[in-house]
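Me: Please walk me through this structure, one short exchange at a time.

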Amino acid sequence: MKGSISRRDFLILTARGAGAAVVSYGLMGCASEEHESEVSVANVSFNHGIASGDPLANSVILWTRITPDIEAELTVSWEVSKDQTFTTLISTGNSTTNAAKDYTMKIDVIGLETDTTYYYRFISHGVTSTIGTTKTISDGSPDSVKLAVMSCANYPAGFFNVYNLAAQQESLDAVLHLGDYIYEYARDEYASENAEALDREVLPATELFSLSDYRTRYAQYHSDPDLQLLHSKVPFITVWDDHEVADDTWRDGAGNHNDGEGSFEERKLAALQAYFEWLPIRPWSEGNNEEIYRHFAFGDLIDLYMLDTRVLARDQQLNYADYYDGSLFFDEETFNQDLYETERTMLGAEQLQWLEDTVTTNTGRWQLLGQQVLMGEMKLPGAIALNAMSTSDYEELGGLALLAARIEASDPTLTTAEQTYYAENADKLTTEVLSQLSFPTLPYNLDAWDGYATERDKVLDIFNNNDKNLVVVAGDTHNAWANNLSNTKDAIVGVEFAAPSISSPGLEYYLGISDTVVEATEAGFVSLVEGLQYVNVKDRGFLTLTFTPEKVESEWHFVDTILSDQYQQLTERSTIASSLADDAGLILTTE
């Protein structure tokens with residue numbers, strides 16, 4: 001984090017309230033005797049599970065939410081032990097929660113031992129929660145660190161089988177959740193075709209606007225048994241993306257916030273408050289629900305930087321509709337002026353400066369960026385990027401245009417079959433088609449780093465100038481990707497591993513890719529996009545990263561369905577990619 005919590009800090013943090021977290025140091029109270037006389041006040045239950053997060057070498061956040069049958073001030077105790085029987089307690093204490101906090105409870109347990117597994121539980125009014133497992137991170141020289149990376153969990157789209165599969169992983173040190181932990185849409189909107197049949201229609205039924213709306217949606221998500229299971233087993237390190245607020249959120253608005261829907265600022269602040277209430281994330285000052293970027297050191301092996309590329313400072317996304325008339329003309333000159341505008345930002349000056357300062361002083365063998373959107377350059381032929389043509393149409397019409405050029409040049413290698421084919425199809429090369437085929441290569445997603453190209457170069461330069469081994473992880477796209485990251489001199493300065501979605505539909509949905517052409521489509525993407533080494537356009541899943549001093553290895557894990565809670569791991573689609581740390585730089589190889 002932006003520092004460590006020591007015993008000396010305890011009174012200061014307690015006085016400040018440490019945001020929404022209660023600081024716990026050692027044995028501060030007896031849980032077993034605290035509530036015997038209070039059982040009649042309210043009957044309570046732990047319907048939304050327990051969780052841990054933001055692990056440091058000497059502390060970790062513990063979280064729960066208590067459900068009372070009447071509105072009341074609830075006393076909640078916690079116990080932390082090195083054994084599952086809680087014979088020897090390491091940390092205990094009690095505090096209160098109420099409706100103003102949505103009955104959530106967040107404890108910052110400090111004074112723990114490094115690289116150590118702990119068990120924890122909560123007790124309120126005679127009721128005990130399930131037992132959770134958490135772990136502090138190393139402050140030494142670990143032989144390896146294993147992280148799970150995931151994003152984009154849309155409740156109505158299907159079951160959270162991916163969370164269940166991740167919970168079966170052995171030796172995970174933490175889960176990196178890169179955003180879209182919830183979605184804000186109303187019932188019967190995005191990816192809800194099967195929601196009624198699966199009994200997964202969203203609550204509330206309306207789009208989320210108020211604090212109550214967001215709290216209700218988080219409560220529904222936290223009722224999911226697979227999400228509860230993973231939270232109870234592994235500490236999470238999280239950042240938000242857009243759907244925790246609204247689709248395509250930027251600093252002052254969102255694509256899914258329209259005229260007549262009230263103040264976006266009020267909506268955003270409500271959403272972020274609910275996020276901090278319901279996620280096991282460590283706040284850094286009371287009432288500050290907007291700053292989320294932070295640093296974690298896994299000993300001398302990994303420096304992890306969790307960035308906010310979405311809410312804090314992002315300039316509004318560019319829109320191709322402002323540069324393309326839908327037919328013949330694309331305003332390339334104006335588009336490039338806007339795209340490469342020097343002050344255009346995703347991180348903001350303060351966060352970018354923090355990143356540079358922190359990277360410059362850190363010495364971890366690996367530098368890991370945890371952030372939301374694809375950093376790798378993902379350019380496609382302009383006709384495809386602008387949705388003027390499908391991939392298959394571009395292949396056909398582009399081939400015809402090449403054939404026309406060969407005929408005009410009297411190419412002696414032309415065959416009779418080629419000449420016949422051209423004569424039969426030449427009428428397809430209309431003025432509009434020829435214009436579209438002449439469009440330049442363009443970013444396929446202006447919401448990603450491709451839409452903020454100048455600042456991306458600045459970020460890559462920070463790591464390259466400091467001779468760091470850079471690994472970037474991303475979510476957002478709902479598909480799995482692996483990229484070589486190159487600077488403006490075409491030198492590889494890092495690698496990127498992107499996680500598929502937990503349940504949100506991917507390219508197979510948006511492009512209508514049938515199972516029969518999945519592999520051909522994936523191969524086509526790799527051949528079209530420079531730097532791209534791997535893509536999975538179809539399957540839901542997550543990835544694991546295993547770091548050693550010598551290499552980082554990414555493995556993508558997929559499930560065969562989200563439309564039933566009975567699933568199998570899709571082992572035939574699992575893929576491993578590795579990158580070596582050496583003086584020659586980072587080279588990605590897919591196995």
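**Helix packing, fold and local geometry**

Me: What is the handedness of the crossing of helix 4 and helix 6?
Reply: This is a predicted model, where local features need pLDDT of at least 70, side-chain atom pairs count only at pLDDT 80 or more, and totals for chains, interfaces and linings use all residues. Residues are numbered from 1 along each chain as its sequence is written, and side-chain values use heavy atoms, with hydrogens and water left out. A crossing is left-handed if the near helix is turned anticlockwise from the far one by less than a right angle, and right-handed if clockwise. For helix 4 and helix 6 the crossing is right-handed.

Me: How many nonpolar residues has the contact of helix 4 with helix 6?
Reply: Ala, Val, Leu, Ile, Met, Phe, Trp, Tyr, Cys and Pro count as nonpolar, Asp, Glu, Lys and Arg as charged, and the others, Gly among them, as polar. By class there are two polar, three charged and nine nonpolar residues.

Me: How many helices and strands are in the chain?
Reply: Both are DSSP runs, numbered from the N terminus: helices are H or I, at least four residues, and strands E, at least two. The chain has 15 helices and 27 strands.

Me: Is aspartate 54 buried or exposed?
Reply: Aspartate 54 sits in the loop between strand 3 and strand 4. Its phi is positive, near 45°, in a residue other than glycine. Buried means under 20% relative accessible area, exposed over 50%, partly exposed in between (1.4 Å probe, protein chains only). With a relative accessible area of 0%, aspartate 54 is buried.

Me: What is the phi of cysteine 152?
Reply: Cysteine 152 lies in the loop between strand 12 and helix 2. Its relative accessible area is 1%, so cysteine 152 is buried. Though not a glycine, cysteine 152 has a positive phi of about 65°.

Me: Which peptide bond is cis, with omega near -15°?
Reply: Proline 204 is in the loop between helix 3 and helix 4. The cis bond runs from leucine 203 to proline 204.
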